[in-house]
Amino acid sequence: MAYQAEIRTVSNATAAESAEPNSLIVRHHRSGRAELKVDELSGGHLLHMALAGCVFNNIHRIAQDRGIRVHDASVAVDGGFNEEGNASTGISCRVMVAGEAAKEQLAAVAREAFDNSSIAAILRQTTTVDLAEITLREL
């Protein structure tokens, strides 16, 4: 069974229209609003949401520190657990960043956000945690 969790930026207009049953719109201290999406509420899903949230926060912090305006970002985390449910079988993270910077700069923000994630560092002590994909869009 896959345990998927995602956090992404949403505009105020999009937030009002969001009708997905497995999502929650929350205020975000850097992006304004964010949508949290999980298939169901379980410890595995919350663990993966913690990683997604940490990387998402890092994207916005690092971009702001570098003077890069991020228009859209999402972090999706997926992974599984053994049959007993007491050990992860590995975690993959997919990052998408769109902003007012060259692709190389956006990729560097995404990579640093993942590499400097405190949640990922903790998880790496017990399982593999890989950055599976970075998607970029220049504006």
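Helices (H or I, at least four residues) and strands (E, at least two) are DSSP runs, numbered from the N terminus. This is a predicted model, in which local features need pLDDT of at least 70 and side-chain atom pairs count only at pLDDT 80 or more, while totals for chains, interfaces and linings use all residues. Residues are numbered from 1 along each chain as its sequence is written, and side-chain values use heavy atoms, with hydrogens and water left out.

Let's start with the whole protein. Four helices and six strands make up its secondary structure, in the order β-α-β-β-α-β-β-α-α-β from the N terminus. Here are some overall values:

| Property of the protein | Value |
|---|---|
| Box filled by the C-alpha atoms, along the principal axes | roughly 45 × 35 × 20 Å |
| Radius of gyration (over C-alpha atoms) | 15 Å |
| Buried residues (under 20% relative accessible area, 1.4 Å probe, protein chains only) | 40% of 139 residues |

Now for a closer look at Thr-127. This residue sits in the loop between helix H4 (118-123) and strand E6 (129-138). Thr-127 is buried, at a relative accessible area of 13%. Setting aside neighbours within four places in sequence, Thr-127 is in contact (heavy atoms within 4.5 Å) with Ser-88, Thr-89, Gly-90 and Ile-91. With Gly-90 there is also a polar pair: a polar atom of the Thr-127 side chain lies 3.3 Å from the backbone nitrogen of Gly-90.

Back at the level of the whole protein, among contacts with a separation of 6 or more, 66% join residues 24 or more positions apart.

Conventions. Buried < 20%, exposed > 50% of the residue type's maximum accessible area, 1.4 Å probe, protein only. Polar contact = N/O pair within 3.5 Å; in protein donor to acceptor, adjacent residues only side chain to side chain. Rg over C-alpha atoms; globule rule 2.2 N^0.38 Å.
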